[in-house]
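Please open the model in your viewer and keep the selection tool at hand.

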Amino acid sequence: MTKKKSFVERYQENDTPWEINRPDHNLIDFVSGLPVPVGAAIDLGCGTGDNCIWLAGQGFRVTGCDLSEIALDQARAKAEQAKVRCTFYQGDFMQSPPPGAPFTFAFDRGCFHTFEVPAVWHRFASRVADILEDNGQWLSLIGNKDEDRGDREGPPQLSASQIIEAVEPFFEIISLTRGHFDFDRSPAPLIWICHMRKRTI
Ligand SMILES: C[S@@+](CC[C@H](N)C(=O)[O-])C[C@H]1O[C@@H](n2cnc3c(N)ncnc32)[C@H](O)[C@@H]1O
């Protein structure tokens with residue numbers, strides 16, 4: 001059996017099919033359409049930083065966190081070119097909280113769903129809650145198990161009930177809707193767009 005490549009290896013080998021080199025339209029639609037107070041934002045598993053850069057352009061103070069130094073170097077170069085200021089932090093979010101907490105808004109595009117074990121989804125959600133201020137919001141874009149891909153490769157997929165079970169102890173779910181990743185190839189993977197607010201009790 002072939003060993004699954006780590007994210008660090010995937011960036012080294014340029015094997016990053018999720019990259020679109022622009023902010024995901026799901027993030028833009030969300031922030032443009034809802035009252036997310038402009039404040040401190042964190043992009044968990046930010047990759048090469050396009051979503052961070054867009055958020056910074058909207059006035060957020062943005063931290064991007066990722067395992068891959070290669071991805072973060074590219075993110076820094078893109079931010080410099082876009083003339084926006086972001087903090088890019090290399091680290092394992094599951095081991096140590098990124099600097100800059102508490103955040104008003106957390107975003108992840110395909111980071112929460114990378115963990116394959118329910119206990120780890122649960123722990124990820126608990127860690128997101130730990131770094132958010134009271135009533136802080138989290139938008140997560142998550143591969144959707146309702147899509148039958150056959151042999152096609154694609155992102156990990158979760159069911160609605162798996163998401164709910166992992167996040168509900170820490171977050172109220174404001175909406176859980178179907179959508180598609182902003183993607184360069186067709187068909188774009190089916191996703192869950194999960195908008196949550198941190199519980200205060
Ligand atoms: C599917 S990629 C998505 C990257 C980026 N969000 C995008 O949309 O282009 C998942 C990202 O999460 C990062 N990641 C996975 N586990 C992580 C962890 N424990 N801490 C920080 N980053 C992590 C990976 O290095 C990778 O860049």
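Predicted model: local features only at pLDDT ≥ 70, side-chain atom pairs only at ≥ 80, totals over all residues.

Residues are numbered from 1 along each chain as its sequence is written, and side-chain values use heavy atoms, with hydrogens and water left out.

Select the ligand first. Of the 16 residues around the ligand (a heavy atom within 4 Å), Tyr 11, Gly 45, Asp 66, Asp 92 and Arg 109 come nearest. A polar backbone atom of Gly 45 is 2.7 Å from a nitrogen atom of the ligand. Polar side-chain atoms of Asp 66 and of Arg 109 each lie 2.6 Å from an oxygen atom of the ligand.

Next, select helix H5 (residues 118-131) and helix H6 (residues 160-167), which pack at an angle of about 50 degrees with their axes 8 Å apart. Helices here are DSSP runs of H or I with at least four residues, and strands are runs of E with at least two. Trp 121, His 122 and Ala 125 in H5 meet Gln 162, Glu 165, Ala 166 and Val 167 in H6, where contact means heavy atoms within 4.5 Å.

Finally, visit the loops. Between strand S3 (86-90) and strand S4 (103-109) lies Pro 102, joined to Ala 101 by a cis peptide bond with omega about 5 degrees. Pro 187, in the loop between strand S6 (171-180) and strand S7 (190-198), has a cis peptide bond with Ser 186, with omega about 0 degrees. In the loop between helix H1 (7-12) and helix H2 (25-33), select Asn 14; its phi is near 60 degrees, a positive value in a residue other than glycine.

Definitions and conventions
Axes fitted to C-alpha atoms, helices over the stretch in contact; angles between N-to-C directions. Polar contact = N/O pair within 3.5 Å; in protein donor to acceptor, adjacent residues only side chain to side chain.
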